[in-house]
Amino acid sequence: MKVAIFSTCVVDLLFPNVGQAMVEVLERIGCETSLPTNQVCCGQPTYNSGYHKESNKVFYNEIDALLSTDADYIVGPAGSCVAMLRQYPHILKDNPDYSKKAQELADKSYEFSQFVYNILGVVDAGAQLDAVATYHRSCHMTRLLGEKTAPFALLDNVKDLKMVPLPHLENCCGFGGTFSVKEPEISKQMVDEKVDSIISTGARVLISADASCLMNIGGRFSRRNENIKIMHIAEVLNHNVDASRIRYKNQPTTV
Amino acid sequence: MTISTSDKPFLTRVKESENDHFMQQSVAKAQDAQWDKRTAAREELGNWEQWRDLGEQIRQHVIKYLPDYLEQFSDNVEKKGGHVFFAQTDEQAVNYIKKIAKEKKAHRIVKSKSMVTTEINLDKALLSLPETSIMETDLAEFILQEDNWDEPTHIVFPTLHKNRDQIQNVFKKLGYSGSNDPEEMAKFARKYLREYFMQADLGITGCNFAIADNGMINLVTNEGNADLTMAIPKTQIVVMGMERIVPSLKEAEVLDNMLSRSAVGQKLTSYCSFSGPQVNGESDGPTDFHVVILDNGRSNALGTDFEPVLQCIRCGACLNVCPIYRHIGGHGYGSIYPGPIGAVLSPVLDGYEKFGDLPFASSLCAACTETCPVRIPLHQLLIKHRKVMMDKLKMDHSFNNVLMKGAGVATSSPILFKIALEGAHMGSAPLSKSKETSVDNLFNYGHIEKAPSIASGWTDVRDLARPPKHSDDFRSWYKKHKKEQQEGVSHD
Ligand code: SF4
């Protein structure tokens with residue numbers, strides 16, 4: 001199966017380890033990856049800030065770049081950015097040049113854990129992590145992409161990993177893209193409440209499927225000098241892997 | 001237009017809310033309790049998502065044929081001997097109501113909770129009439145009135161910002177000497193209000209839904225005061241926004257059900273009434289019945305991207321799930337319509353000059369869109385407002401127009417982005433600290449505690465990870481990785 005990597009600008013700029021982990025997991029499960037080099041950004045920062053004229057060019061570039069390979073699927077390490085790709089057909093529905101391509105792109109784009117669990121049918125990625133962890137659910141992944149199950153199901157099967165539930169799972173962490181820089185006064189109160197909730201679980205590791213939320217919550221943890229480890233779900237699923245343990249849906253547990 | 005509740009700048013209001021710990025705690029507590037109640041009430045109904053489809057269809061249909069339904073409704077009210085007045089502005093509405101009050105020589109006016117009368121600032125206008133007194137009979141509105149006409153902070157729970165001690169103090173002024181027990185205080189208020197009710201000569205209510213095919217007014221409450229307001233005084237005036245209409249009782253039944261579950265987590269509120277003027281043979285109800293139908297900016301939304309805002313049934317669920325509302329409370333919005341619905345509606349009714357800040361004060365988490373019983377795409381409408389302000393009106397509402405436009409150029413250009421990737425690590429050197437951090441795995445290349453320009457909002461609150469060396473970034477790694485794979489393959 002051919003997969004084009006939708007790296008996202010945040011991972012390109014700041015988090016190489018997330019991109020690496022994602023590629024390694026996908027290749028281990030048998031995907032042949034490629035990285036379309038002309039991709040830049042899904043366009044959320046400008047679009048969500050109201051600069052729609054400027055955003056169109058960003059969309060065109062991203063569509064052309066991501067469709068430039070013969071991949072069957074396009075997979076990215078961020079629920080929010082993938083949700084944006086899925087909105088392209090709606091935004092560009094009256095655009096004669098791009099409406100069709102936007103649909104094609106949206107139809108084959110998936111967030112990483114969603115792809116691994118729902119499309120590849122993997123339930124156990126063979127990973128091991130000896131830790132107590134909690135999971136932050138990103139708003140866009142849950143509400144716009146509608147993916148509520150995949151990350152939890154995959155994390156449940158990581159060996160030695162104890163997942164503890166996060167209170168107020170439904171509340172936003174206060175990132176919100178440019179919101180976090182435009183409205184720091186409100187954003188701070190939101191991220192503080194999130195940090196407090198995480199601390200209350202006693203978890204030592206915070207996992208999420210959105211690097212941007214991790215960058216926000218982690219940055220606040222650092223400013224408050226709280227001890228925690230931040231991990232993207234791809235890094236968890238790529239940790240200490242024993243390939244013989246990889247298991248698919250509908251496959252008997254014992255051999 | 002008086003939907004505004006404050007002249008202070010937005011940021012000042014936000015800071016005031018931040019310091020109001022009581023308000024924040026009580027909002028958080030109410031949100032959490034409502035979350036459970038609402039979820040349970042919706043689950044009990046079953047197939048909630050299909051109910052939402054139905055709710056959306058009903059409301060969209062009504063808005064599409066609004067003029068027809070308004071005409072049908074008004075014909076039916078008049079057939080029963082009632083009067084209908086269409087008010088384009090708040091002033092027209094207020095003048096009409098004042099005229100009726102004068103004609104009827106009304107001296108004691110009772111009112112039940114109505115956001116629309118708050119919107120047109122009716123109470124103050126009526127108090128300016130000679131020898132006229134007025135009584136808000138909804139418990140929460142009564143508290144606000146007796147607390148020197150304090151502003152409501154929630155469209156369903158107007159006194160969410162007040163605690164029981166504050167309420168006890170308000171009541172003390174009225175001769176209350178009991179404890180701060182909510183039940184005891186409610187009893188006191190009931191008695192106080194009942195006496196006033198019996199002598200009232202004019203009743204004013206809002207309207208949850210107006211039934212087009214029979215001219216009835218549907219009210220959904222928990223205290224029964226609205227029904228008394230309709231039953232006792234001989235003259236009654238109903239004030240309603242022009243969108244508050246349903247075709248028939250069938251649709252009202254669906255929406256009442258969804259409204260009760262969404263607003264207060266109940267199957268149905270304690271009182272759900274359908275009434276109108278007294279007709280032949282009835283022993284109570286108003287003999288003189290008026291309906292004031294208000295536009296006041298609502299038609300601004302018709303035929304635009306913002307038309308869905310007219311679908312709203314004022315359940316308040318979007319406020320109850322909103323993380324922004326959770327922290328800045330109702331007063332933070334500076335509008336009698338706060339929360340997500342307020343952030344969308346206030347600029348539609350009263351313009352961007354006054355309420356342009358509100359659409360930006362959102363992380364676009366979409367909790368509102370997810371909960372709205374009539375599927376208003378609230379977070380998308382916030383983005384649409386931003387678009388109007390930035391693209392069309394070229395307002396200076398963003399933190400930095402030039403840089404954001406620049407970001408648009410940079411993120412549409414693969415070449416510029418490559419240059420940025422190559423330079424990011426070096427470029428960030430003057431800002432970065434390699435200092436130890438308590439957070440593992442986020443700051444593998446150091447971090448930034450004070451960033452310039454648009455990023456300063458970020459580092460006001462939190463540290464920023466420093467970009468890796470170009471040779472360590474994801475794209476460079478991937479190139480090496482692919483090369484190794486290919487070499488690996490060719491060696492085999
Ligand atoms: S916008 Fe939707 S959720 Fe908010 S008050 Fe109106 S109907 Fe309720």
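**View 1. A salt bridge links Asp12(A) to Arg475(B).** Their closest N and O atoms are 2.7 Å apart. A salt bridge here is a side-chain nitrogen of Lys or Arg within 4 Å of a carboxyl oxygen of Asp or Glu. Between chain A and chain B the count is 6 salt bridges. The model is predicted: local features need pLDDT of at least 70, side-chain atom pairs count only at pLDDT 80 or more, and totals for chains, interfaces and linings use all residues. Residues are numbered from 1 along each chain as its sequence is written, and chains are lettered from A.

**View 2. Chain A meets chain B.** Each chain is in contact (heavy atoms within 4.5 Å): 81 residues come from chain A and 81 residues from chain B. About 6900 Å² is buried between them, with 59% from carbon and sulfur atoms. Buried area is the accessible area (1.4 Å probe) that two parts lose on being put together, summed over both. In chain A, Tyr51(A), Gln189(A) and Arg223(A) lose the most area to chain B. Together they give 10% of what that side buries.

**View 3. Strand β9 of chain A runs parallel to strand β12 of chain B.** Strands are DSSP runs (E, at least two residues), numbered from the N terminus. Lys229(A) has Asp440(B) as its bridge partner.

**View 4. Residues of chain B surround the ligand.** Among them are Cys312(B), Cys315(B), Cys318(B) and Cys372(B). Arg314(B), Gly316(B) and Pro373(B) are also included.

Methods. Heavy atoms only, no water. Near = heavy atom within 4 Å. Pairing = 2+ DSSP bridges. Helix = DSSP H or I, 4+ residues; strand = E, 2+ residues; numbered from the N terminus.
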